[in-house]
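Hi there,

Here is the structure I promised to pass on to you. Please have it open while you read the notes below.

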Amino acid sequence: MTSEPAAQAAEAAGPAGTTAGPAPSPALLEALAGRRPARTPVWFMRQAGRSLPEYRALRARAGVPMLEACLDPALAAEVTLQPVRRHGVDAAVFFSDIMVPLRLAGVGVRIEEGVGPVLDTPVRSGREVSDLVARRFGDGPGAEGVGAIEEAVRRVVVELGSPQAPGVREGLSERARAGLEHSVGSAGWTPVLAFGGAPFTLAAYLVEGRPSRDHLAARTLMRADPDSWDRLMTWCARLTGEFIATQVRAGAAAAQLFDSWAGSLSPRAYRERVAPYSALALDVARQAVSPTTGKAAPLIHFGTGTARLLGLMRQAGADAVGVDERIDLGEAIEALAEADPQAGACPVQGNLDPALLAAPWPILAEELDAVLAAGRAAPGHVVNLGHGVPPATDADVLTRIVARVHGSADWESVALAGWEA
């Protein structure tokens with residue numbers, strides 16, 4: 001009888017008795033771990049939707065509002081997969097919205113065209129906060145929505161594969177399969193990236209009731225009623241952390257905490273009244289184990305207009321920090337290293353200006369090369385935009401960016417040939 005250790009060794013042996021090494025990890029996960037993969041990974045915030053004609057056609061056929069679209073497993077999975085098939089990016093960011101967990105906690109919220117999220121009843125008093133925090137993620141009717149999210153993520157993992165199984169790509173065009181093959185690279189699978197809105201961004205929407213330029217009502221509650229602010233932010237942190245954890249437990253292998261409005265705060269206000277709750281959200285998300293990797297998901301902490309807050313964002317506990325276009329990437333890497341002198345520099349994500357997507361290719365290419373060069377100062381670098389893809393972006397430009405980041409002349413020729421569904 002063969003001993004268990006011997007059997008394991010035989011199973012791992014390659015031809016002629018040589019031991020096969022472990023399969024390489026996807027480039028995104030390597031970079032987030034602070035390593036330099038064979039190719040620099042790249043994905044785009046808001047890559048799932050808006051700029052893709054196939055997304056617009058799908059939404060038109062579905063004929064449902066945004067939040068309902070996010071809770072349709074087949075539709076959400078298809079939109080998540082579209083940019084991977086087309087661009088060959090290194091991650092599929094899950095198609096959803098930062099308002100979804102509010103909906104799943106029974107909060108009345110909708111997305112109005114040309115406006116953004118609108119709350120039925122803003123939360124501005126201690127009593128209103130008490131009513132809100134009695135709600136829980138997935139309670140009552142929300143349980144069905146949680147199940148829809150889990151099902152959508154699982155569907156995406158089936159097509160993108162995992163270390164345990166290759167992706168299933170039946171019924172796809174040759175061009176779509178080529179995109180998926182480029183995406184998986186030597187790892188053989190593409191990670192799904194979970195995401196959620198940071199507590200301050202959720203709280204700002206809840207208090208303002210709609211998008212705001214200065215978030216005056218939210219900042220007033222923060223200053224005038226610190227107890228209610230603490231209860232509100234704690235609730236938001238646990239809610240969004242559980243939203244991310246739900247995606248991870250369904251198979252997402254990495255995640256991003258997205259703070260749209262933190263840039264409106266002073267460093268002191270952020271440090272005292274916001275950062276502890278972002279840390280709580282990250283802690284909740286980190287408790288989830290992905291069945292895809294058997295591990296907790298590495299976490300990216302991103303905010304817009306946060307050049308002065310980057311060090312504080314790192315200290316909140318993420319594995320990597322996203323950088324928008326309003327600061328030089330090299331300067332950001334230095335600031336992040338100074339925030340933790342003992343650990344030194346951390347992995348970064350960013351920071352190509354989205355405005356460049358409409359520029360002539362030679363100008364865009366030069367700036368992209370500068371971002372790549374600056375990113376070498378960090379232990380790991382994920383190329384991304386400083387914010388989301390503008391709706392009018394030529395999708396073929398995004399594919400060409402992927403090719404240049406990956407250093408692939410073959411994939412650039414595919415990008416130049418254009419897309420065929």
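Below is what I found, grouped by topic. Please keep in mind that this is a predicted model.

**Salt bridges**

The count of salt bridges comes to 20, and I picked out a few for you.

Let me start with Glu30 and Arg35, whose side chains form a salt bridge with an N to O distance of 3.0 Å.

Next come Arg103 and Glu68, which meet in a salt bridge at 2.8 Å, N to O. This pair ties together distant parts of the chain, since Arg103 belongs to helix H6 (residues 100-104) and Glu68 to helix H4 (residues 66-70), 35 residues apart. Arg103 is partly exposed, with 24% relative accessible area, and Glu68 is also partly exposed, with 34%.

Another one to look at is the salt bridge between the side chains of Arg404 and Asp369, again given as N to O, at 2.8 Å.

**A charged patch on the surface**

Which residues make up the negative surface patch? They are Asp328, Glu331, Glu334 and Glu338. If you want one of them to start from, take Glu338, which is found in helix H16 (residues 329-339). Glu338 counts as exposed because its relative accessibility is 60%, and the cut-off for exposed is over 50%.

**Cysteines**

How many disulfides are there in the model? The count is 0. Take Cys236, which is in no disulfide: its nearest cysteine sulfur belongs to Cys70 and is 18 Å away. A pair of cysteine sulfur atoms would have to lie within 2.5 Å to count as a disulfide. Cys236 is also buried, at 0% relative accessible area. Cys346 counts as buried too, at 5% relative accessibility.

**Backbone points to check**

A word of background first: most residues other than glycine have a negative phi, and most peptide bonds are trans.

Asn351 is part of the loop between strand S10 (348-349) and H17.

Arg46 is not a glycine, yet its phi is positive, at about 65°. You will find Arg46 in the loop between helix H2 (27-32) and helix H3 (53-62). Its side of the picture in terms of accessibility is that Arg46 is partly exposed, at 41% relative accessible area.

Arg50 lies in the loop between H2 and H3. Although Arg50 is not a glycine, it has a positive phi of about 45°. Arg50 counts as partly exposed, at 32% relative accessibility.

**Two pairs of positions, in sequence and in space**

How far apart in space are Ala198 and Pro37, C-alpha to C-alpha? The distance is 29 Å, and the two are 161 residues apart in sequence. Ala198 is located in the loop between strand S4 (192-197) and helix H10 (199-208). Is Ala198 buried or exposed? At 0% relative accessibility, Ala198 counts as buried, as the cut-off for buried is under 20%.

The second pair is Arg271 and Met313: 42 residues apart in sequence, and 8.9 Å apart in space from C-alpha to C-alpha. Arg271 sits in helix H13 (residues 267-273). With a relative accessible area of 43%, Arg271 is partly exposed.

Technical notes. Residues numbered from 1 in each chain as written. Predicted model: local features only at pLDDT ≥ 70, side-chain atom pairs only at ≥ 80, totals over all residues. Heavy atoms only, no water. Patch = residues over 30% accessible without salt bridge, like charges linked within 9 Å, V, L, I, M, F, W, Y side chains within 5 Å. Areas by Shrake-Rupley, 256 points an atom, 1.4 Å probe, with all protein chains shown as cover. Salt bridge = Lys/Arg side-chain N within 4 Å of Asp/Glu carboxyl O. Lys, Arg positive; Asp, Glu negative; His and termini not counted. Charge placed at Lys NZ, Arg CZ, Asp CG, Glu CD. Helix = DSSP H or I, 4+ residues; strand = E, 2+ residues; numbered from the N terminus. Buried < 20%, exposed > 50% of the residue type's maximum accessible area, 1.4 Å probe, protein only.
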